[in-house]
Structure formats: structure tokens, C-alpha cells
Amino acid sequence: METLAGIAPYVLLAAYALATGAYGVLFFTGRREASVWASPLLQLAVALHLAYLAWLTWRWEQFPGATVSQALTVVAFAVAIIYLFLEWLGGERASGFWLVGQVLVFQLLAVVLHEPQPPRRELFEHPIFGIHVFLALLGYAAFAVAASYGFLFLRLYRELKRSRFSVFYGKLPPLEVLERMMTGALAVGFAALTGALLDGILWVRQTSALDWQHDPMILLTFATWLLYGGALLLRRLRRWQGRQTAMASLAGLGVIVVSLVAVHTFVVGFHRSF
Amino acid sequence: MALSDPPGAAAEPASEAAEGPALLAVGIDHRSAPLELRERVAFSREDSEGLLLRLMARPEVAEAYLISTCNRTEVYLRPREQERAFRAAMELAFARAPEVERDGRFWVLHDSEAARHLLAVACGLESMVLGEPEILGQVKRSAELAEAVGSCGTVVKRLLRSALQAGRRARAETEIGEGAVSLGYAVVELARHIFVGVEGRSCLVLGGGETAVLAARALVEKGVRDLRFALRGTHRHEELGQQFPGARLTTFQERYATLADCDVLIASTSADEPVIEAGELRQVMRQRRSRPLLVVDLGVPRNVGRRVGRLDNVFLHDLDSLQHLVARNLEHRRAEVPRVEAIVAEELEHFGSWYQGLAAEPLVAELQRRAERIRLQEVEGARDRFPTELQDELDRLTRSLVRKILHHPSTRLRAGGAERRLAHLELARELFQLGEGEEE
């Protein structure tokens with residue numbers, strides 16, 4: 001059992017490295033074989049990852065988010081499933097290298113920071129809290145994916161505007177596809193964050209342990225929810241097109257990262273009270 | 001690579017046994033002859049059929065293949081006698097333009113160089129526009145014709161298979177055919193980087209000049225559904241209507257209103273002043289809810305105001321930017337040439353190995369005949385010792401034994417490099433006493 005716990009993160013790392021390699025070959029060379037192998041390799045890695053997370057939950061009887069390493073591997077998993085969903089939605093794989101590459105980086109960090117004996121934390125044993133953490137991580141991961149597509153969109157947009165064609169031009173999918181994938185990621189992120197907030201409310205009502213009006217993490221999450229909700233509403237009203245949405249995605253991610261760092265620097269615990 | 005050899009060189013082929021089959025290729029192409037000459041020796045399908053039949057009627061020609069396009073007319077022969085086969089090709093294929101031979105406007109290639117040239121042609125390496133895709137289809141259609149006529153035998157048929165395989169691999173494994181290399185297709189390429197496909201899109205063309213028509217034709221070929229022309233006069237209406245039967249004509253004054261539901265605008269009028277201005281287009285973009293618009297300005301002087309390019313979701317490209325894109329794509333294709341050449345070399349090697357494997361066939365056949373004869377003798381001698389119901393089983397078992405024992409030696413005799421194969425053949429002759437008359 002201990003051996004399995006020790007080698008599983010490395011197996012996942014190798015599986016994601018293989019998938020990243022296949023997507024890389026597809027992006028840089030456009031070889032048809034890579035197109036055939038890339039998605040199945042990623043699907044296999046995601047299936048293994050799901051089994052690993054289920055096993056961790058069963059083994060430690062708590063949601064695997066109690067350590068930084070566990071949170072990172074959940075984020076890697078979240079980015080991978082969001083990308084697979086977007087690949088299905090957009091029907092293209094050319095941008096996969098940039099997203100699956102991020103999965104690899106998250107999993108690599110999870111391996112580096114891996115703790116064989118994670119601390120027991122009662123909070124994570126509660127299913128409602130576990131779902132809350134997972135949905136929040138899924139939401140933030142989706143916003144990171146949206147920002148990545150926003151970056152690729154702006155890059156191609158500028159090249160097409162300025163008639164300066166770099167290696168990105170010709171390798172990336174059309175602007176409309178990038179926009180569709182970016183919007184899809186935003187929608188997933190917004191839905192997941194809404195779920196995390198609702199679940200959090202349920203949790204607070206059950207425990208009454210949290211002074212939520214003064215918890216910076218809750219206020220930050222609510223502000224993020226409003227920010228992205230506003231962006232999606234403006235798109236829905238057709239006031240915003242791809243460029244504005246891409247810039248909002250990048251700005252939104254910037255706000256999230258800065259706020260998270262600030263909260264972690266100045267407040268003890270993830271939430272104020274724990 | 002086309003080499004210009006003097007006709008006399010055709011009489012000295014490389015050693016067939018050591019290298020590959022004797023082949024002879026005679027041709028003219030866009031590098032060796034001007035269009036005026038090429039068009040006189042271009043062959044229609046019917047003419048090609050006649051030429052192949054006439055070539056096959058010559059005793060000095062064993063197999064023949066012809067490819068004739070606007071950029072090349074090339075005859076590939078498997079000659080029984082090199083010099084006479086060369087004369088036959090010159091007389092029959094280039095008789096309509098005697099100056100081809102007189103002015104040395106042709107090239108001659110022998111053996112592996114001839115084979116390599118055909119593979120390079122199929123990959124688009126010899127095309128006027130490097131990597132153009134049509135040539136592979138032309139090689140294929142010519143191959144089908146030669147097969148239908150019966151002019152290609154074992155060797156040329158296998159060579160054509162190698163050429164088609166090399167062409168397909170070049171397109172699948174490299175980017176030799178990627179990126180537009182003409183102005184018309186550069187517009188299509190730009191549209192494909194903005195929209196999800198150009199199929200079903202709508203396009204407004206201002207002006208009916210030659211460049212505008214080329215760009216419009218490229219878009220229609222790629223599936224643009226709704227094509228509209230807005231002309232300042234009416235003198236070209238009929239002509240454009242004939243060229244683009246599905247196109248709609250609209251008035252020049254309605255150009256901004258028409259743009260509200262178009263995806264691509266091509267401007268190519270002879271106006272001295274811009275005919276599309278940023279202020280009016282901004283209003284149009286509001287109506288379009290800022291959906292992306294590709295604006296291609298092919299006019300000289302330019303037809304579209306410079307500030308148009310600053311509008312959100314308007315992608316303005318002029319002749320310079322299109323030419324820059326074409327040059328970039330050509331450069332990219334040139335960078336792919338070494339990879340395509342490697343594919344050509346690999347396929348050529350497979351072809352050579354296959355051909356050399358043919359040399360082992362008589363020996364392999366003799367070995368198998370001898371083993372079968374021994375098997376039959378032994379089975380006949382032992383048959384009385386087996387009950388009737390096991391006779392079939394005895395046959396099956398001994399046949400299977402012989403086949404399995406001979407499988408590996410037969411494969412080894414057919415495979416390997418030329419030198420190694422020769423050594424194997426010698427050894428097999430000695431060990432099995434093959435080629436020394438019938439066994440007692």
C-alpha cells in the first residue's frame with residue numbers, strides 16, 4: 001500500500017508527460033499520428049488520476065486537499081478534465097500542448113511537494129466541505145484555463161491585426177474556436193464557483209463556525225464570482241466580443257492570484273477561522 | 001533533380017544487378033523549356049493513350065509511363081536497349097516540337113536518378129509552386145491511364161506505387177504543402193485563421209478587377225456560400241454573372257449596408273480615394289455586434305482608409321501584407337525540402353530493395369521445388385507404413401514442415417543489402433547445390 005502511495009504520483013507524472021509530448025508533437029509538427037494518440041493518452045492519464053484521487057480519499061478517509069501537494073494534484077486533475085471538455089466542445093487539439101503542459105507542471109509540483117503521511121484534518125473528512133473545496137479548485141482551474149485561451153486569442157488577434165506572423169500563426173486554431181473554448185472555460189468556472197459558494201453556504205449553516213461577513217477568502221470568492229458573472233453577462237448581451245473577454249479573463253486571473261497571495265500572506269489559515 | 005545529359009549518355013546505364021532496374025526518363029519542364037514549347041508537347045488523355053501504345057509497339061521498350069501537365073511532359077521507360085529507347089521517346093513524344101532536341105531544351109535521367117526524379121515530382125519538389133498539391137493527383141491519374149493501357153509492368157508499376165507513397169507521406173508528414181502561396185489563397189488562409197472554416201461565409205467584393213476575381217474565385221472554391229459584387233459601373237455585370245453564376249450584384253452605394261451581414265470584404269476598385277472609411281465602418285460594426293470582419297484591400301492606390309485597421313475586430317490586410325504572408329509561407333515550404341528529400345530517399349531505398357529482392361526469386365523458387373520433390377519422394381516411400389485415414393494428415397504435416405523450414409532462408413535470400421544478398425545467394429547455391437542441373 002505504501003509503495004503504491006509512493007509511486008502513484010510519479011506514474012501520473014509520466015502519463016501526463018507522455019500526453020504533453022504527443023500534444024507537443026501535434027503542435028510543432030502537425031503529425032497525424034500525434035493527433036490520433038494525444039487525446040487517448042490524456043484520457044488514460046485522467047482515468048488513472050481519478051482512480052488515484054478516489055484511492056487517496058478512501059485511504060485517508062478525507063478529501064485530498066489537506067496538503068499543498070494534494071491541492072496541486074487536484075488542480076492538475078481539474079485542468080485536465082476541463083481541457084478534455086473544451087477539446088470536445090471546440091473539436092480541435094492544436095492548443096492542447098499549452099493546457100496539458102500546465103497539467104504537467106501542476107503534477108510536477110505535486111510530486112516535488114509530496115508528503116507520504118498527510119496530516120489528518122477533520123474538516124476534510126466532511127463530504128460537504130470536500131465538495132466545496134473540489135468545486136472551488138475546479139472553478140479557479142477553469143479561470144486559469146480561460147486565461148490561457150485568452151492569452152492565445154490575444155496573441156493571434158494581434159498577429160492578424162499587425163500582419164506579423166510568428167510561429168503561433170498557422171499552428172493555433174482560428175480566433176472563433178479560441179473564443180469558443182475561452183467562453184466554455186469561463187462558463188465551467190462560473191458554474192463551479194457558484195456551486196462552491198452554495199455548498200459553502202450550506203456548510204456555514206450546518207456548522208455556524210464561520211464568521212463569513214469578515215472572512216476575506218469568502219469575500220474574495222464572492223467578488224470573483226461577481227467579476228466573472230459580469231463578464232459572462234456582458235458577453236450574453238453581446239456588448240463584449242473575444243478581445244474584451246480575453247482581456248477580462250487575463251485580468252480576472254491576475255486579480256485571483258494577487259488576492260490569494262495577499263490573503264495567504266496576511267491571514268492565518270485558508271479561511272480566517274481555519 | 002533534373003539533369004541535362006547529352007542524348008548519347010543514354011547508352012550507358014548503371015549496372016542493373018547492383019543498383020536497381022534500368023530506367024530512362026526523358027522530359028521537359030518549366031525549368032528547361034518555356035511555356036510556348038511546353039504547350040506544344042502537352043498530351044491530352046487521348047493523346048497520352050496513343051503515345052503509350054506507340055511506345056509499347058517498339059521492341060526496345062519494355063514498359064512506359066507518361067505524365068503530361070501544363071508544367072511538364074515526361075516519359076519514363078524501362079528500356080530493353082537504352083539508345084534506341086531514347087530515340088523512340090524523342091521521336092514519339094517530342095516530334096511536335098523539334099527544337100526541344102535541337103536546342104537541348106530537354107533532360108535525360110537514367111536508372112536511380114530517373115526513379116528519384118519521379119518521386120520528387122510526386123512530392124511537389126519539382127513543381128513551379130513548391131509543394132503544390134495537384135501534382136500528386138496528376139501522377140496518380142497518369143498511372144491509372146498507363147495501367148489501363150497496359151504499358152506499365154512489374155517494375156514501373158512498383159515505381160509508381162513508391163512515387164505515390166512518397167507524395168502522400170510528404171503531405172502527411174511534412175508541411176511542404178502548408179500555407180497559401182498565391183494572393184487568392186492568402187485571403188482564404190487569413191479567413192481560416194479568423195473564422196471556423198470559410199464554408200458558408202459571405203463575402204462582398206468591391207470592384208470586378210482581375211485581382212478581385214482571383215481572390216473571389218479562391219473563396220468560392222473553398223466553399224464561400226454568399227458572394228456579392230458591388231460595382232461602380234454596370235459594364236462588367238454580365239461578365240461577372242457568367243464567371244460566378246451564384247453571385248449577387250448590389251449597388252456601390254449600398255456597400256456599407258451590405259457589409260452588415262458579410263464576413264469578408266475584398267476591395268479592388270480603381271478609385272483614387274478610399275471607398276471604405278473608418279467612421280462609416282464603425283457604425284456597421286455596431287450593427288454587426290462587432291462580429292469579426294476580414295477586410296482585404298487589393299487596390300492601388302489603397303481603397304480602404306488606414307484608420308479602418310484600428311477598429312476592434314476588423315482585420316485589415318493590403319497587398320503588402322498578403323505578399324509578406326505568401327513569402328513567409330514559401331520560406332516555410334523551402335525549409336521543409338530536406339525532410340521531403342529524406343522521404344524520397346527512403347522510398348527510393350524501399351524500391352531498390354524490392355527490385356533487388358526480385359533477383360533472388362528464381363533461386364528461392366528452385367529451392368522450394370527441390371524441397372517439395374524431396375518431400376514427395378519421402379512421403380511416397382513411407383506411405384505404406386501409415387493407415388489410410390492418416391494419409392492426408394501425413395501430407396499436411398510434411399508440407400507444413402517444409403514450408404516452415406524454408407520460410408526463414410527464403411526471407412533472408414530476398415532481403416538485405418545488395419552485397420549481403422549476393423553472398424547469401426552464393427552460399428545457398430553452394431549449400432543446396434542449386435543451379436547445377438536436376439537432382440538424381
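This is a predicted model: local features need pLDDT of at least 70, side-chain atom pairs count only at pLDDT 80 or more; totals for chains, interfaces and linings use all residues.

Me: Why is H2(B) called roughly antiparallel to H3(B)?
Reply: Look at the angle. The axes of H2 (residues 45-57) and H3 (residues 82-93) of chain B cross at roughly 150°. Angles over 145 degrees count as roughly antiparallel. Therefore H2(B) is roughly antiparallel to H3(B). The two axes come within 10 Å, and the crossing is right-handed.

Me: Which residues make the contact of H2(B) with H3(B)?
Reply: H2(B) brings Leu51(B), Arg54(B) and Leu55(B). H3(B) brings Ala88(B), Leu92(B) and Ala93(B). By class, five residues are nonpolar, none is polar and one is charged.

Me: Why is H13(B) called roughly antiparallel to H14(B)?
Reply: H13 (residues 319-382) and H14 (residues 391-414) of chain B pack at about 155°, with their axes 10 Å apart. The cut-off is over 145 degrees. So H13(B) is roughly antiparallel to H14(B). H13(B) passes H14(B) in a right-handed crossing.

Me: What kinds of residue make up the contact of H13(B) with H14(B)?
Reply: The classes are 10 nonpolar, four polar and five charged. On the H13(B) side, the residues include Leu363(B), Gln368(B) and Glu372(B). On the H14(B) side, they include Leu394(B), Thr398(B) and Arg399(B).

Me: Why is Ser163(A) called partly exposed?
Reply: Count its neighbours. Ser163(A) has 18 other C-beta atoms within 10 Å. Buried needs 20 or more, and exposed needs 12 or fewer. The count of 18 falls in between, so Ser163(A) is partly exposed. Ser163(A) is in the loop between H6 and H7 of chain A. Its phi is near 55°, a positive value in a residue other than glycine.

Me: How do you know that Asp111(B) is partly exposed?
Reply: The count for Asp111(B) is 19 C-beta neighbours inside 10 Å. With 20 or more the label would be buried, and with 12 or fewer exposed. So Asp111(B) counts as partly exposed. Asp111(B) lies in helix H5 (residues 111-123) of chain B. Phi of Asp111(B) is near 50°, which is positive, and the residue is not glycine.

Me: Which residues touch the most other members of the largest nonpolar core?
Reply: They are Val79(A), Ala141(A), Val145(A), Ala185(A) and Ile266(B), in a core of 122 residues. H6(A) gives the most to this core, with 21 residues. Leaving aside neighbours within four places in sequence, Ala141(A) is in contact with Val75(A), Ala78(A), Val79(A) and Ile82(A). A second, separate core has 63 residues, among them Leu51(B), Ala85(B), Ala120(B) and Ala143(B).

Me: How many residues does each chain give to the contact of chain A with chain B?
Reply: Chain A gives 17 and chain B gives 21. On the chain A side, H6 (127-162) and H7 (175-207) each supply at least two residues. That side has seven nonpolar, four polar and six charged residues.

Definitions and conventions. Residues are numbered from 1 along each chain as its sequence is written. Chains are lettered from A and ligands numbered from 1 in the order in which they are written. Two residues are in contact if their C-beta atoms, placed from the backbone, lie within 7 Å. Helices (H or I, at least four residues) and strands (E, at least two) are DSSP runs, numbered from the N terminus. Ala, Val, Leu, Ile, Met, Phe, Trp, Tyr, Cys and Pro count as nonpolar, Asp, Glu, Lys and Arg as charged, and the others, Gly among them, as polar. Axes are lines fitted to C-alpha atoms, for helices over the stretch in contact, and angles run from 0 to 180 degrees between N-to-C directions. Angles under 35 degrees count as roughly parallel, over 145 as roughly antiparallel, 65 to 115 as roughly perpendicular and the rest as oblique. A crossing is left-handed if the near helix is turned anticlockwise from the far one by less than a right angle, and right-handed if clockwise. A nonpolar core is a set of buried Ala, Val, Leu, Ile, Met, Phe, Trp, Tyr and Cys residues joined through C-beta atoms within 7 Å.
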